[in-house]
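Thanks for coming, everyone. Please keep the picture in view while I talk.

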Protein chains: 2
Amino acid sequence: MASPLPASDAPLYKRVEQRILGMIQTGSIPPGRKIPSLRETASAMGVSLTTVVQAYESLERIGVLESRPRSGFVVRQPAAALPPAGAPTMDAPVARTVRRGEIVRRVLETLGRDEVLPLGVAQVDPALLPARTLSRLLAEVSRREPDRVAHYAPVAGSMELRRQVARRLALAGVLAAPEELLTTCGATEGMSIALRALTHPGDAVLIASPTYHFFLQMLELMGLRAVEVPSHPHTGISPADVAEALDRFDIAACVLTPTWNNPDGSCMPPAAKAELVQLLSSRNIPLVEDDVYGDLVFPSSQPGNAPRPPACKAFDDHGVVTLVSSFSKTLTPGYRVGYLLPGKAVATKALEFKGMSTLSGAAPTELAVAEYLERGLYDRHLVRVTRELEQQTEAMRLAVSRHFPEGTRATTPRGGCILWVELPPGGPTGVDVFLRAAAEGIGISPGLLFSNSGGFERFLRLSTGLRFTPQVEQAVARLGAIARGM
Amino acid sequence: MASPLPASDAPLYKRVEQRILGMIQTGSIPPGRKIPSLRETASAMGVSLTTVVQAYESLERIGVLESRPRSGFVVRQPAAALPPAGAPTMDAPVARTVRRGEIVRRVLETLGRDEVLPLGVAQVDPALLPARTLSRLLAEVSRREPDRVAHYAPVAGSMELRRQVARRLALAGVLAAPEELLTTCGATEGMSIALRALTHPGDAVLIASPTYHFFLQMLELMGLRAVEVPSHPHTGISPADVAEALDRFDIAACVLTPTWNNPDGSCMPPAAKAELVQLLSSRNIPLVEDDVYGDLVFPSSQPGNAPRPPACKAFDDHGVVTLVSSFSKTLTPGYRVGYLLPGKAVATKALEFKGMSTLSGAAPTELAVAEYLERGLYDRHLVRVTRELEQQTEAMRLAVSRHFPEGTRATTPRGGCILWVELPPGGPTGVDVFLRAAAEGIGISPGLLFSNSGGFERFLRLSTGLRFTPQVEQAVARLGAIARGM
């Protein structure tokens, strides 16, 4: 499906890129064939030759085109088509105490270390985030209200921010009063508060398989057991599988990322979300919904003016869902601004648990993010960043198809910033690749991080949040060579 | 003991104030007697009459002097001398599961609400904190390194900040490498990390009686039991009492504020700190040392060039002490910048627990505080703020002695920003006063917050962090009237 034309504030060359990508994606120019010449495109779009050159070179850099002597630019032939990833085949679920090992510690330790090419961290390239604008707003609010930002914010969070979050949530179908919301130090604190409010050590928690490895670490640190339900890389977990697990186990809470699940990039269809919430309501089982990627919807996957996919919380008539999210993936992780909309079982305890966890958030950064939202900058930013993420994801898929061994499979995400890659059987495992790559300064996340039941050994998760530079392409080529056992 | 002359950057009238206060405190001018005339002081100090008037009026406002027609200014007679508070008399200690009620929730809810005169919150008046300078530094670091502050800080915290903290800790006798330190979201997160690393639900934790009410809330939320050891308002807990409790109970950890304990303002003598650490080392029992007030030493209580009192951590040759502190009491609570120096039992887990709690601190505020310290501004600020705190505490004691019922007793703190007041038997309790005062917009902390064994009903804690304005004096007068049952 062709990407819509980018908004008119995009650089000209980006519009040229989009046009060519559209022609390739719709099949009008198959692999190996010449694309329109520089002059043809310049004249057809009414732009300068320089602009077209810039666009073609950019497409060459991300691996879509290659330049051939005397033929000009042709559409690059993928080394092999990349089959879509399938759903994991799982035995009947069990409830297992979570115990993780050394490898998790190693991955955690590389976080924030800038000497590594961080393809193992699911985050958007700092170059795509509005760091300068945020810094300016931070300076502005701090100078305007120095006493206020130096003082404690309310335990529940700055009201300005809660108001803005409430407005954003409406786009996910969630109607919440600002007073119901709690700000948190990233989604991490929200998740920690929700789990502490809902569970006791020894309880069983239902999660997707694969799931975000931090959830597993949290379950381990809290002495909880995990019941895993398979996630399909397109549609996520199925309500029928959840129902089966609920029949067999005494589940204290579910922890899911229904929109762009980490690591498989799946998004539950709205009907499945509604069914899931109804099922949980009928049994009064709380769901902690992680929505940190919810705003990162690829432009081509949301036709027309449709907003982002609805959150599970949108279908929550009975208060079983606690929604947890943040601006760490979309705006800035360093400001530590997240939020929590509690379900009924969390509502009475959330404030107290936040008081015990951090007392309150950093007032200056909460107010700077609120200001960014209030000025309407966030929507414009999302248009830009999701367009880039879609292109980077496509470039990453292409590079994987080109460099990884035959038989490699990968997801086709429609949002988020990660690619979930399955290596063919018989070769190096995800951990093999992780260890070799780490030694060469390339970070990835091996598949076994994402499950407590020993699956996904042949998987690895790549971040597509980074700009697809030649350095990233080289890193993917190197990963492919390692995966081929070289 | 007379306060030393304030540093030369103090306003002139402050120096006059200090001179007069010194004469009163040393007894050279007893209550009821005239102080030197305006002209005498102006001439003796070589300052203008206006300056002396300013000083005398300031001393009148805080209740030290009163002006009498034709006699000029005389030293005000306290309504009744305020006897020092004694140590609590306690039955043999027991280990009690911590269960707190509605009153704690109410106090917590008033935190951060600016409609209340916050005498119930142990914090320094925002007017005494360098909010503008911090805002300027926040703007500077954010503009200088926008990408860096927008990105995750390392899980362990920004290295600049850890370096500066390591330098400060040396003044408390603690030698630590920056790499050993972890930054935290206030001391709250540090305390939460330490307790989660050291305890399991059902464990017994040794605390002082009275102790900071947040510790009790934390113990409750974590399902822990409390063993209380009496704290003397001058010297804190005694190692002998701790030894007795260790003999009788299986103690998983101790949580103490050895320097300016909240709420009784006690400071354990260095020898007692050393003895306590030795005792705990010999039994391998970890101590979590809360040091948030450690830098707030009243000038008159630290003779000459002596630095602040040593921390327990200074005597910790065997790694049993985990030190937790922050800049929330001394610089800015709103920036949420704290730190943790782990003992050996916490060291291996601290990073993982921080990862699960908040992942990392807010990068902009961590770097702004680091910059403040690096420029040497913190030391100068401490000179100023501790001088003010000492005067405010003295003014508060005076006001309590004047307005509260006969038989009221109070502590004589030598640091920190709180006064611990014991009402005479037979009248209203601390909770009675709290409820009436809250209804009139005055916040205080009733004594029963500070113990899990039902003691301290006749106590209340007043913040001396606020500037002693006429509004505060009126509030104290009103509290006194309430305490007298009016």
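Start with the rings of A:Trp420, A:Phe450, A:Phe456 and A:Phe459, which form one aromatic cluster. Bear in mind that this is a predicted model.

How many aromatic pairs are there over all chains? A search of the whole structure finds 18.

Let me take one of them. In chain A, the ring centres of A:Tyr56 and A:Phe73 are 5.3 Å apart. Their planes meet at 80°, over the 60 degrees that the label requires, so the pair is edge-to-face. Where do the two partners sit? A:Tyr56 is in helix α3 of chain A, residues 49–61. A:Phe73 is in strand β2 of chain A, residues 72–75. They are 17 residues apart, and the pair links distant parts of the chain. Buried or exposed? Both A:Tyr56 and A:Phe73 are buried.

Now chain B. B:Tyr56 and B:Phe73 also make an edge-to-face pair, with 5.3 Å from centre to centre and 80° between the planes. B:Tyr56 belongs to helix α3 of chain B and B:Phe73 to strand β2 of chain B, so this pair ties together parts 17 residues apart in sequence. B:Tyr56 has 1% relative accessibility and counts as buried. B:Phe73 has 16%, and it counts as buried too, because the limit is under 20%.

Next, the two chains together. Chain A superposes on chain B by a rotation of 180°, with 0.1 Å of shift along the axis and an RMSD of 0.2 Å. The two copies are therefore related as by a two-fold rotation axis. The same surface serves both copies: 100% of the contact residues of chain A recur in chain B. Which residue of chain A comes closest to the rotation axis? That is A:Ala139, with its C-alpha at 2.2 Å.

Last topic: cysteines. A disulfide is a covalent bond between the sulfur atoms of two cysteines. How many disulfides are there over all chains? The count comes to zero. A:Cys267 counts as buried, at 7% relative accessibility.

B:Cys417 has 0% relative accessibility and counts as buried.

That's it from me.

Note on methods: Residues numbered from 1 in each chain as written. Chains lettered and ligands numbered in written order. Predicted model: local features only at pLDDT ≥ 70, side-chain atom pairs only at ≥ 80, totals over all residues. Heavy atoms only, no water. Least-squares fit on C-alpha atoms with pLDDT ≥ 70 in both. Contact = heavy atoms within 4.5 Å. Disulfide = S-S within 2.5 Å. Buried < 20%, exposed > 50% of the residue type's maximum accessible area, 1.4 Å probe, protein only. Phe/Tyr/Trp six-rings, centres within 6.5 Å; stacked < 30°, edge-to-face > 60°. Helix = DSSP H or I, 4+ residues; strand = E, 2+ residues; numbered from the N terminus.
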